[in-house]
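Please walk me through this structure.

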Amino acid sequence: MNTGFGKIVWWGFSPALNFLNESYISDRSERMKMSDEKMESLHILVVGAADSRHLLKTIAKSYEHTNLPFEMYVVENSIESYARQLMLLGIAFEQAKSLQEKTELLLEVFGNTLIRQSTLNYIQNKSSELIRMVTDFEELKQKMPFINLEALKYKERDSLESVFKFWRNPDSTLFDISKYWDLRLRHLLGPRFDSRDGVFDWDYNMKILNKGENQQYIRRGYWGDVVSSPYLAFGIECEDKEYLKKSNNIHCKTAQDVSARNVTAMMYELKYSRPYKNCTENIFGEREENHKGDLNMFQISFLPVNFISDLNKKACYQKLFDIVYFSNSMVHHFVPEFSTLLKRNAVVLVETAKFILDLTSEQEAEYIKKVTNMAEAAGCEYLDCMAVRWSAAIENEATEVGKEGTGGIL
């Protein structure tokens, strides 16, 4: 594997998004203000996000739209990504842990390869629970009623079960992550391996601050990212601007600090359905008894792996989606035919390559240009008033392919 990004994407390259942001659903918000009745469900397609950051943030902020039900459809290119997302969602909705415990556990599982014994024990126990859920939908309905796995193929459910069985295996010699990580770094850095600390420092100061193997046989190893930080998801943006302050042009808080604050806020909002205020209440020692939010107001449906290219062949998905998100690794599926899946005035969001360190500024600009051309080919127009969205601005009922979407770049 000649790059550091790996074959399996374990985390994304952009901060967590709230898909219920006013700028994405402004037309629905106006209608909700005029009616106390529940609106028709909002349908959101999440393509290749790799982790559950967008799902969690959207659910955590859903209390701001109490009468707006929504369903999120997830498509990834590996079954391992589904297993990982189910594990992270299970942690977020864990009933028996305090906010601090859930925050630390979620961040450890999300971004660490070497974990505490207590975390290992949790993963093993949770894996057994998840096996029961993916093999018995009645069990799933009782434990995680907002998860829908019915669209998965039988072989994919079997594969999910196999992943969870691997995770709960007590044999510590079965997967030597330190060895596999070392092999990846040696292959990536070559003669620079012995000076790797300097290489990493250069990447941080000269890249972050300013912005494969050919064998076809199966081989066990770590095939995820060894370059980009997993804390891009939670450690870059923050509603509390105190966490983004600088002194002598150096951030006072680390990405770890910002991530801990953001995940704590999400766990708090998931529990209490109200805005998080920095530790103004004695929340860290509390144990969660019941989830206050309405679990019937949202659903997460996992679609078959790599199903994105077949979506437009299914009648049930035609003109279904209000919001679509593409990761930069899956944006090549944003073809003109895809627009048949979009509702009128739908929003399409595309992850940029801003935090992919091996790209030059020219390559980043070329990527933006390419995605813009793809959006225009799908019948979308860029909005001058908002730098992150496109709109087709069609007055009459569209009849041509791709004339009903809007979109944006993160």
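The paragraphs below take the aromatic rings, then the charges over rings, then the helix packing.

The model is predicted. It contains 18 aromatic pairs. In one of them, the ring centres of Tyr73 and Phe321 are 5.4 Å apart and the ring planes stand at 85°, so this pair is edge-to-face. The cut-off behind that label is 60 degrees, because planes over that angle count as edge-to-face. Tyr73 has a relative accessible area of 10% and is buried.

Another pair joins Phe93 and Phe146. Here the centres lie 4.5 Å apart and the planes meet at 40°, so the pair is tilted. Phe93 belongs to the loop between α3 (79-92) and α4 (99-111), while Phe146 belongs to the loop between α6 (137-143) and β3 (147-148), so the pair ties together parts that are 53 residues apart in sequence. Phe93 counts as buried at 11% relative accessibility, and Phe146 is buried with a relative accessible area of 2%. These two rings are also part of one aromatic cluster, formed by Phe70, Phe93, Phe146 and Phe298.

Arg84 lies over the face of Phe110, 5.1 Å from the ring centre. Likewise, Lys253 lies over the face of Tyr243, and the distance to the ring centre is 5.3 Å.

The helices come next. Two packed helices are described by the angle between their axes and the distance between the axes. Take helix α2 (residues 53-60) and helix α10 (residues 255-272): their axes come within 8 Å and cross at roughly 45°. That angle makes α2 oblique to α10. The crossing of α2 past α10 is left-handed. Where do the two helices meet? On the α2 side the residues are Leu56, Lys57, Ile59 and Ala60, and on the α10 side they are Met266, Glu269 and Leu270.

Helix α10 also packs against α4. The axes of α4 and α10 are 9 Å apart, and the packing angle is about 125°. This makes α4 oblique to α10. The crossing of α4 and α10 is right-handed, whereas α2 passes α10 in a left-handed crossing. From α4, Leu99, Lys102, Thr103, Leu106 and Leu107 take part in the contact, and they meet residues of α10 that include Ser259, Ala260, Val263 and Thr264. Further along α10, Met267, Tyr268, Lys271 and Tyr272 belong to this contact with α4 too.

A further partner of α4 is helix α5 (residues 117-135), with the axes 11 Å apart and an angle of about 85°. That makes α4 roughly perpendicular to α5. The contact is made by Leu105, Glu108 and Val109 in α4 and by Thr119, Tyr122 and Ile123 in α5.

One residue of this contact can be followed more closely. Is Thr119 buried or exposed? Thr119, placed in helix α5, counts as buried, at 0% relative accessibility. Leaving aside residues up to four places away in sequence, Thr119 touches Leu105, Glu108 and Val109.

Note on methods:
Residues are numbered from 1 along each chain as its sequence is written. This is a predicted model: local features need pLDDT of at least 70, side-chain atom pairs count only at pLDDT 80 or more; totals for chains, interfaces and linings use all residues. Side-chain values use heavy atoms; hydrogens and water are left out. Rings of Phe, Tyr and Trp (its six-membered ring) pair if their centres lie within 6.5 Å; planes under 30 degrees apart count as stacked, over 60 as edge-to-face and the rest as tilted. Buried means under 20% relative accessible area, exposed over 50%, partly exposed in between (1.4 Å probe, protein chains only). Helices (H or I, at least four residues) and strands (E, at least two) are DSSP runs, numbered from the N terminus. A charge sits over a ring if NZ of Lys or CZ of Arg is within 6 Å of the ring centre and within 35 degrees of the ring normal. Axes are lines fitted to C-alpha atoms, for helices over the stretch in contact, and angles run from 0 to 180 degrees between N-to-C directions. Angles under 35 degrees count as roughly parallel, over 145 as roughly antiparallel, 65 to 115 as roughly perpendicular and the rest as oblique. A crossing is left-handed if the near helix is turned anticlockwise from the far one by less than a right angle, and right-handed if clockwise. Contact means heavy atoms within 4.5 Å.
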